[in-house]
Amino acid sequence: MIDLYTANSSNGRRAAIILEECGLTHRVHKYALLKDEHKNPEFAAIAPAGSIPVIVDSDGPGGMPITLAQSCAILLYASEKTGKFMPRNFASRALVWQWLMQAATDVSPASANIFYNVVLMPDKSEANGKFFQERALKVFGDCNRQLADRDYLAGELSVADFALYPVYAVRKKIIDEAGTLAHLTRWGERMAARPGVQKAMQAAL
Ligand SMILES: N[C@@H](CCC(=O)N[C@@H](CS)C(=O)NCC(=O)O)C(=O)O
């Protein structure tokens, strides 16, 4: 059994999606972050940075329990545990790494900056908001170009797509308004049609 500690954020949804898509039985423990619900002793004891998502798998490697944080580590863990969503071919796998990192280190921070500027920063600025939005559209544009001649980021459906999807979903409004990211939008429709994605997005609403 896997316990998933999560919230209604893109990082939390990544973990929920991969557990559903890999068919791994799990229980969801959901916290309202803005109410500080995650700041409790049970979660503090398992979360190295006090951040969601975290999974606790009672049947981890070698049958031993494992506790794991970082949304993309959880993507890779579930993939390796089940043998799903990672190509066997070395060259294809390398492409998955590239697009997984693009989602983790380019798209996620660009989206987070929008959230910080709208919700968390002490001084909210319209100019900074515009700057962060343009930056986010630039990195979504990189994904859009990659998807021009393939259905999924690395050709076949992989952890890279599950890393990108929740960030895409939360920024769908600005992507649609930009009107220039048709390949990404069609990919988003393909991802949104998946029952596992739908169930996980609902669970982490
Ligand atoms: N790089 C981490 C980021 C984790 C993270 O920033 N989690 C946020 C929600 S998306 C969180 O728990 N924030 C509340 C806090 O740290 O107190 C990942 O990919 O999992």
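**The ligand shell and the fold behind it**

Modeller: The residues around the ligand are Ala7, Ser9, Asn11, Leu33, Gly50, Ser51, Ile52, Pro53, Gln70, Ser71 and Cys72. A residue gets onto that list if its C-beta atom, placed from the backbone, lies within 6 Å of the molecule. Keep in mind that this is a predicted model: local features need pLDDT of at least 70, side-chain atom pairs count only at pLDDT 80 or more, and totals for chains, interfaces and linings use all residues. Numbering starts from 1 along each chain as its sequence is written.

Colleague: What makes Ala136 buried?
Modeller: Ala136 has 23 C-beta neighbours inside 10 Å, so it counts as buried. The cut-off is 20 or more other C-beta atoms within 10 Å of its own; 12 or fewer is exposed, in between is partly exposed, and C-beta atoms are placed from the backbone. Ala136 sits in helix 5 (residues 126-146). Leaving out residues up to four places away in sequence, Ala136 touches Ala110, Ser111, Ile114, Arg171 and Ile174; touching, or contact, asks for C-beta atoms, placed from the backbone, within 7 Å. From Gly50, Ala136 is 86 residues away in sequence and 26 Å away in space, C-alpha to C-alpha.

Colleague: How do you know that helix 6 is mostly covered?
Modeller: Ten of the twelve residues of helix 6 (residues 159-170) are buried. Among them are Phe162, Leu164, Tyr165 and Tyr168. Across the chain, 37% of the 205 residues count as buried.

Colleague: What counts as a helix or a strand here?
Modeller: Both are DSSP runs numbered from the N terminus: H or I over at least four residues for helices, E over at least two for strands. The chain has nine helices and four strands, in the pattern β-α-β-α-β-β-α-α-α-α-α-α-α.

Colleague: Why is the chain called as compact as a globular protein of that length?
Modeller: Its radius of gyration is 17 Å, close to the 17 Å from the globule rule for 205 residues, so the chain is as compact as a globular protein of that length. The radius is taken over C-alpha atoms, and the rule is 2.2 Å times the number of residues to the power 0.38.

Colleague: What is the order of the strands in the open sheet?
Modeller: The order is 2-1-3-4, with mixed pairing. Strand 2 (26-30) and strand 4 (66-69) are the edge strands, as each pairs on one side only. Two strands pair if DSSP finds at least two bridges between them. Strand 1 (residues 2-6) and strand 2 run parallel, with five bridges, while strand 1 and strand 3 are antiparallel over four bridges. Strand 3 and strand 4 also pair in the antiparallel sense over four bridges.

Colleague: Which residues stand opposite Asp3?
Modeller: Arg27 in strand 2 and Val56 in strand 3. Val56 in turn has Thr67 as its bridge partner in strand 4.

Definitions and conventions. Two residues are in contact if their C-beta atoms, placed from the backbone, lie within 7 Å.
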